[in-house]
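Hello,

Here is the structure for you to look through. My notes on it follow below.

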Amino acid sequence: MWTCLPLGLVELWCIRLEAQPSLFSNSFTLFSLSLYFLSVFPSMANQEKEIVMELLPLIRLYKDGTVDRLLSSPNVPPSVQDPETGVSSKDIVIADDPLVSARIFLPKNHTNPSHKLPIFVYFHGGAFCVESAFSFFVHRYLNILVSQANVIAISVDFRLLPHHPLPAAYQDGWTTLQWIASHAANTAANPEPWLLNYADFNKLYIGGETSGANLAHNLLLRAGDESLQGDLKIFGALLSSPFFWGLVPIGSEPVEGHEQSLAMKVWSLACPDAPGGIDNPWINPCVAGAPSLATLACSKILITITGKDEFRDRNILYHDTIKKSGWKGEVEIFDAGDEEHAFQLFKPETDRAKAMIKHLASFLV
């Protein structure tokens with residue numbers, strides 16, 4: 001979700017803060033201000049360490065292998081019952097080697113035995129290198145979405161850069177889907193009661209923000225070639241501002257500086273040996289020679305875009321390419337207005353965020 005947040009945006013918050021001291025009462029402003037100083041100065045504990053790589057404003061890697069994840073919001077604990085939404089959550093382990101953990105969310109209205117709940121597997125954004133399944137923004141957002149959609153959500157804590165380049169995150173996503181499939185087939189080694197008791201396995205959704213949406217897209221392609229256990233099917237996908245890019249600028253993408261864009265740098269770190277580089281189909285699904293989008297393995301897809309998102313034109317092209325591919329499902333694009341991507345996580349109290357979350361909830365049925 002912070003995939004291409006420009007440092008200038010954080011600096012703008014600092015300017016506004018000087019002009020309007022009352023903004024200190026806004027938690028997002030305080031978080032943005034702290035990010036500015038983190039991106040400029042190493043943490044106190046790391047000031048004496050040798051820096052071997054920086055990808056600002058995202059991460060800083062030190063010679064001893066430690067990482068400053070500059071744009072990660074703090075992790076927060078799960079809730080027995082969230083006071084605002086009534087949603088319950090707990091942390092679970094999906095696999096041990098490699099470790100894949102998650103946070104599972106259960107809505108307040110889950111006790112009707114005749115009405116099983118859809119499952120939404122969520123992959124957080126953050127350029128494959130920041131944020132987590134347990135971070136404040138993700139936790140708050142999923143509490144809201146789960147309460148409105150009345151679904152079970154599983155927020156996956158996949159492996160991150162720089163120590164785990166792709167396809168590690170993709171594999172963790174596939175491991176999660178196979179784990180869910182083992183519950184549907186009654187073969188789970190350590191079954192999760194919330195899934196066994198309340199889940200409708202015929203309504204399995206996957207999705208996420210930016211890089212998380214990229215992950216979900218690639219899982220759809222894999223599911224088109226490789227079956228899940230028990231032949232479990234993915235019913236739908238919710239892709240919010242998916243992180244797609246390419247060598248040649250399209251639409252409103254600026255030509256000057258395109259090769260030095262943060263998206264390019266993120267991909268070089270995420271998959272340095274990818275055949276085709278930035279035109280690898282994992283990041284550019286519409287490039288010539290990419291797998292046909294007709295093989296996307298679900299029945300319906302919702303793609304969300306925003307007016308200020310640098311991936312907007314790529315996402316529109318993705319939508320149009322799906323429609324032209326002969327894919328048999330239903331694909332919809334939803335324009336949330338003149339906002340940055342992932343704004344609904346950071347500002348869920350705004351009218352536009354409320355409208356977007358309501359639309360997303362209506363899709364997860």
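**Helix H7 and what it packs on**

Helix H7 (residues 262-270) is mostly covered, with seven of its nine residues buried. Those buried residues are Leu262, Ala263, Met264, Val266, Trp267, Leu269 and Ala270. They pack against strand E1 (51-55), strand E2 (59-62) and helix H4. Please keep in mind that this is a predicted model.

**The chain as a whole**

The protein chain has 365 residues, of which 54% count as buried. Its secondary structure comes to 10 helices and 11 strands. If you take the contacts in the chain with a separation of 6 or more, 71% of them are between residues 24 or more positions apart.

**The three-stranded sheet**

E1 and E2 belong to an open sheet of three strands, in the order E1-E2-E3, and the pairing is antiparallel. Which strands stand at the edges? They are E1 and strand E3 (67-69); each has a single partner strand, so one side of each is left without a neighbour in the sheet. From one strand to the next, the twist averages 10 degrees.

**Helices H4 and H6**

H4 (residues 168-184) also meets helix H6 (residues 211-225): their axes come within 10 Å and cross at roughly 60 degrees. The two helices are therefore oblique to each other. The crossing of H4 past H6 is right-handed.

Which residues make the contact?

- From H4: Ala169, Tyr170, Gln171, Gly173, Trp174 and Leu177.
- From H6: Asn214, Leu215, Asn218, Leu219, Arg222 and Ala223.

By type, the residues of this contact divide into seven nonpolar, four polar and one charged.

**Two loop residues**

Is histidine 124 buried or exposed? Its place is in the loop between strand E6 (117-123) and helix H3 (136-149). The relative accessible area of histidine 124 is 1%, and buried means under 20%, so this residue counts as buried. Leaving aside residues up to four places away in sequence, histidine 124 touches Val130, Glu131, Ser132, Ala133, Val138, Val156, Phe158, Leu160, Glu209, Ser211 and Gly212. Histidine 124 and glycine 207 are 83 residues apart in sequence, and their C-alpha atoms are 8.7 Å apart in space.

Glycine 230 is also in a loop, the one between H6 and strand E9 (236-240). Its relative accessibility is 67%, and the cut-off for exposed is over 50%, so glycine 230 counts as exposed. Glycine 230 and alanine 185 are 45 residues apart in sequence, while the distance between them in space is 5.7 Å, C-alpha to C-alpha.

Regards

Note on methods. Residues numbered from 1 in each chain as written. Predicted model: local features only at pLDDT ≥ 70, side-chain atom pairs only at ≥ 80, totals over all residues. Heavy atoms only, no water. Axes fitted to C-alpha atoms, helices over the stretch in contact; angles between N-to-C directions. Helix = DSSP H or I, 4+ residues; strand = E, 2+ residues; numbered from the N terminus. Parallel < 35°, antiparallel > 145°, perpendicular 65-115°, else oblique. Left-handed = near helix turned anticlockwise from the far one by under 90°. Contact = heavy atoms within 4.5 Å. Nonpolar A, V, L, I, M, F, W, Y, C, P; charged D, E, K, R; others polar. Buried < 20%, exposed > 50% of the residue type's maximum accessible area, 1.4 Å probe, protein only. Pairing = 2+ DSSP bridges.
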